[in-house]
Amino acid sequence: MKKLEHIGIAVKNLEEANLIFARLLGKPHYKVEVVESEGVRTSFFKVGEIKIELLEAIRPDSPIAKFIEKRGEGIHHLAFEADSIEVKMKELRDQGFTLLSDTTKSGADHKDIVFLHPKTTQGVLVELCQEKK
Ligand code: ZN
């Protein structure tokens with residue numbers, strides 16, 4: 001992996017969470033983006049080299065809605081950047097990790113993304129991402 005790109009945090013109310021994180025980090029979020037396909041509205045903060053991605057469900061069947069229902073608000077995933085997501089996916093599969101899909105999907109912040117199943121990563125949902133070409 002190239003670096004830890006961002007940390008995803010599931011929140012119930014994005015406006016409220018934006019205010020709290022702006023106060024905590026001492027600066028406002030720099031963008032809000034809806035990812036229809038994932039059923040989420042996201043906002044991004046930058047802290048040094050790392051981003052914080054706040055995720056709010058926009059539909060009851062969104063993975064974020066289900067996550068909050070089960071585990072409450074909090075850290076949802078760690079996202080690592082890969083130089084080549086396709087190469088990294090194959091490498092991880094060969095090493096016994098389970099990917100949640102065989103192909104990448106379009107994520108927020110101009111990224112192609114794919115998730116690893118938490119059962120093969122010690123209960124942590126891991127996202128692989130790569131800047132869209
Ligand atoms: Zn993410």
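Are E56 and R41, taken together, buried or exposed? Both E56 and R41 are buried, where buried stands for under 20% relative accessible area, exposed for over 50% and partly exposed for the range in between, computed with a 1.4 Å probe on protein chains only. The model is predicted, so that local features need pLDDT of at least 70 and side-chain atom pairs count only at pLDDT 80 or more, while totals for chains, interfaces and linings use all residues. Residues are numbered from 1 along each chain as its sequence is written, and side-chain values use heavy atoms, with hydrogens and water left out.

**The sheet**

- An open sheet is formed by 8 strands in the order β2-β3-β4-β1-β5-β8-β7-β6, with mixed pairing; strands (E, at least two residues) and helices (H or I, at least four residues) are DSSP runs numbered from the N terminus, and two strands pair if DSSP finds at least two bridges between them.
- The edge strands are β2 (31-35) and β6 (105-106), each of which pairs on one side only.
- Strand β1 (residues 3-11) pairs with β4 in the parallel sense over 6 bridges, and H6 stands opposite K51 in β4.
- Strands β1 and β5 run antiparallel and are joined by 7 bridges, with F80 in β5 as the bridge partner of L4.
- Strands β5 and β8 run parallel and are joined by 4 bridges, with E127 in β8 as the bridge partner of A79.

**The zinc site**

- The protein donors of the zinc ion are H6 (NE2), E53 (OE), H77 (NE2) and E127 (OE), at 2.1 to 2.2 Å from the ion; donors are N, O and S atoms within 2.8 Å of the metal (3.2 Å for Na, K and Ca), and since water is not among the atoms, sites may look incomplete.
- The arrangement is irregular because the 4 donor atoms around the zinc ion subtend angles of 84 to 161°; four donors count as tetrahedral if all angles lie between 85 and 135 degrees, four count as square planar and six as octahedral if opposite donors are over 155 degrees apart and all others between 65 and 115, and anything else is irregular.
- Along the sequence, the donor residues of the zinc ion follow the spacing H-x46-E-x23-H-x49-E.
- The pair of E53 in strand β4 and H77 in strand β5 (residues 74-81) links distant parts of the chain, 24 residues apart, and both E53 and H77 are buried.

**Salt bridges**

- The structure holds 17 salt bridges, a salt bridge being a side-chain nitrogen of Lys or Arg within 4 Å of a carboxyl oxygen of Asp or Glu.
- The side chains of E56 and R41 form one of them, at 3.0 Å from N to O; E56 lies in strand β4 (residues 50-57) and R41 in strand β3 (residues 40-47), so the pair ties together parts that are 15 residues apart in sequence.
- R59 forms a salt bridge with D61, with the closest N and O atoms 3.2 Å apart; R59 is partly exposed at a relative accessible area of 30%, and D61 is partly exposed at 47%.
- Salt bridges that share partners join E5, K31, E33, K51, D109, K111 and E131 into one network.
- Within the salt bridge of K31 and E33 the N to O distance is 3.4 Å, and E33 is partly exposed with a relative accessible area of 22%.

- Just after α2, G72 takes a positive phi of about 80°.
- In helix α3 (residues 85-94), the buried residues are I85, K88, M89 and L92, and they cover an arc of only 105° around the axis, which puts them on the same side of α3.
- The buried residues of α3 pack against β7 (111-116) and β8 (126-131), while E86, V87 and D94 are exposed on the other side of α3.
- Just after α3, G96 takes a positive phi of about 100°.

Notes
Arc of directions from axis to C-beta. Contact = heavy atoms within 4.5 Å.
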